[in-house]
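This report walks through a two-chain structure from its interface to its side-chain pairs. Have the sequence and the model open as you read.

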Amino acid sequence: MKKNPWRDYKLHGTVLILVIIAELIGTIEIPLTKDVAITIMPLIYTIILGLVFYLAKPIKWIERKQARIAEGAMMLFIGVLIAKLAVSSGQSIGLIFKMGPALILQELGHLATILVLPIALILGFKKEAIGMTNSIGREPNVAVVVDKFGFNSPESRGVFAIFIIGTVIGTIFISFLVTFSLSFLPLHPYAFAMASGVGSASMNAAAIGPTLAAFPGLETQIEAFAGFSNLLSFCVGIYIVIFVALPLTEKVYNWLEPKIGRDSIIPKKEDE
Amino acid sequence: MPDLIDGSENISVHGIFNWIFLLAIFSIITVIGNYIGYKHPISDSLVGMGILSVITLLGVWMERKLPFNISSIIYISVMGIILAFPAMPTSEFVSYYVSKVELMSIVTVFLAYVGIGMGKSWNEFKTLGLRAIIITILVIASTYLGSAIVAHIVLVMTGVPV
């Protein structure tokens, strides 16, 4: 059966229904304490419902083929998202230049992933840990690690694992992470906006939602910083990974692995 | 970037037609969601989505046709920034109509496709253990918090008011 991706009415019709359901439910706020509330936005419903529709056995019209088309179409639709953020950036271009130092230096904040390396070692990972903790492990990072260590290396297995898990839970997780950070961390609104540019379009999008909701009146600025910082992560961040993060992760690994690597962890586990 | 669309089986129409129709479908769904969620007039947000779709289309096309090894994300970003730049004659028109499409309306539709698409990774996901899930969560959290804290320190040091 020959079909163009846009003709798959089962896929697009399902998406339309998911979007209508999600927008009708709208944003839900669940207060935890008097200052802290969890914000659940429509974007969370569509991503979860989308996955449920694919996995649910009774729903026969969303199968592997639809998932493949969705994945391909997604690569095109990222463009619309980027274009929207770029228009906000263009409107605020003066402000972006003024905040240049913060925008550029916060890219180095991504190096904090290396702090997770000791935990990976304690959990019993070996060289996989290098692939896992050098960066957030999205497409460009996977390419860098595979290029350097080869497809069948333990480092590549590590980054693949982060990529797959990040694909499935990353968007949902970051949305809750941002909600909690907004409640508990007294940081500058622009800092939250800049941080949401983690180098993945869908995680960026999910992170902006709660940030926009938390600072009404700053929409354009938040979108501008979020979009611009994601762009920076995309074009500058990759060089930081190649020249700084990955070599640094290896150094830390070589230093820490003999100290806290698996052999020393087994007796610890028995103590528990 | 759109190699995945062209690379999938059963393609008979030239890429650009697929892109145009897909963007049209995406625009219509987004405009409906934008109307239900934010009550923006359908005609205004259709124009807004039209502008964004044309920028996307040009970006994707330039990635293919221009002899530079530059991702469409860069082309799209540069075009969007230039068109909305306050000194440009296009600025007022583009800013007005694009502001009628809420970012979250686009994101909600986009993530519906992401949700369906990620179903494909589910089986692989299930084979990865809890330990790898813990590391992934910590890696994402540290990336986000790392750059938020650095940005905050720099903003405070350079005296940016809240």
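How much area do chain A and chain B bury between them, and what share of it is on carbon and sulfur atoms? The figure is about 9600 Å², with 82% on carbon and sulfur. The model is a predicted one.

## The interface between the chains

Contacts involve 112 residues of chain A and 94 residues of chain B. On the chain A side, Trp6(A), Leu76(A) and Phe77(A) lose the most area to chain B. Together these three account for 8% of what that side buries.

Polar links also cross the interface. The rule finds 11 residue pairs in polar contact there, both residues at pLDDT 80 or more. Helix H3 of chain A, residues 64–91, gives the largest share of the chain A side that touches chain B, with 26 residues. By residue type, the touching side of chain A splits into 76 nonpolar, 26 polar and 10 charged.

## A salt bridge and a ring cluster across the chains

How many salt bridges does the rule find across the interface of chain A and chain B? It finds one. The partners are Glu71(A) and Lys120(B), with their closest N and O atoms 2.6 Å apart.

Aromatic rings bring the two chains together as well. Phe77(A), Phe26(B) and Tyr113(B) are linked by ring pairs into a cluster. Phe77(A) was named above, as one of the residues that lose the most area to chain B.

Thr108(B) sits in helix H6 of chain B, residues 103–118. Is Thr108(B) buried or exposed? Its relative accessibility is 2%, so Thr108(B) counts as buried.

Leaving out residues up to four places away in sequence, Thr108(B) touches Val19(A), Ala22(A), Glu23(A), Pro42(A), Leu43(A) and Thr46(A).

## Salt bridges within chain A

Side chains of opposite charge can pair when their charged atoms come close. Over all chains the count is five salt bridges. Among them is the pair of Asp8(A) and Lys65(A), with closest N and O atoms 3.4 Å apart. Asp8(A) lies in the segment before helix H1 (9–25) of chain A and Lys65(A) in helix H3 of chain A, so the bridge ties together parts 57 residues apart in sequence. Asp8(A) is buried at 1% relative accessibility. Lys65(A) is partly exposed at 30%.

Glu257(A) bridges to Lys126(A), and here the closest N and O atoms are 2.4 Å apart. Why does this pair tie together parts that are 131 residues apart in sequence? Glu257(A) lies in helix H13 (residues 237–260) of chain A, while Lys126(A) lies in the loop between helix H6 (117–122) and helix H7 (128–133) of chain A. Glu257(A) is buried, with a relative accessible area of 18%. Lys126(A) is partly exposed at 28%.

Glu128(A) and Arg157(A) meet in a salt bridge of 3.4 Å, N to O. Because Glu128(A) is in helix H7 of chain A and Arg157(A) in helix H9 of chain A, the pair joins parts 29 residues apart in sequence. Glu128(A) is buried at 18% relative accessible area. Arg157(A) is partly exposed at 47%.

## Aromatic pairs in chain A

A pair of aromatic rings is described by the distance of the centres and the angle of the planes. The whole structure holds 11 aromatic pairs over all chains. Phe180(A) and Phe184(A) form a stacked pair, because their planes are at 5 degrees, with ring centres 6.2 Å apart. Both lie in helix H9 (residues 154–184) of chain A, four residues apart, about one turn of the helix. Phe180(A) is partly exposed at 34% relative accessibility, and Phe184(A) is exposed at 53%.

Tyr190(A) and Phe225(A) make a tilted pair, with 4.7 Å between centres and 50 degrees between planes. Tyr190(A) is in helix H10 (residues 189–195) of chain A and Phe225(A) in helix H12 (residues 219–235) of chain A, so this pair ties together parts 35 residues apart in sequence. Tyr190(A) is buried, with a relative accessible area of 10%. Phe225(A) is buried too, at 1%.

Conventions:
Residues are numbered from 1 along each chain as its sequence is written. Chains are lettered from A and ligands numbered from 1 in the order in which they are written. This is a predicted model: local features need pLDDT of at least 70, side-chain atom pairs count only at pLDDT 80 or more; totals for chains, interfaces and linings use all residues. Side-chain values use heavy atoms; hydrogens and water are left out. Contact means heavy atoms within 4.5 Å. Buried area is the accessible area (1.4 Å probe) that two parts lose on being put together, summed over both. A salt bridge is a side-chain nitrogen of Lys or Arg within 4 Å of a carboxyl oxygen of Asp or Glu. A polar contact is a pair of N or O atoms within 3.5 Å; within protein, one must be able to donate a hydrogen and the other to accept it, and residues adjacent in sequence count only if both atoms are side-chain atoms. Helices (H or I, at least four residues) and strands (E, at least two) are DSSP runs, numbered from the N terminus. Ala, Val, Leu, Ile, Met, Phe, Trp, Tyr, Cys and Pro count as nonpolar, Asp, Glu, Lys and Arg as charged, and the others, Gly among them, as polar. Rings of Phe, Tyr and Trp (its six-membered ring) pair if their centres lie within 6.5 Å; planes under 30 degrees apart count as stacked, over 60 as edge-to-face and the rest as tilted. Buried means under 20% relative accessible area, exposed over 50%, partly exposed in between (1.4 Å probe, protein chains only).
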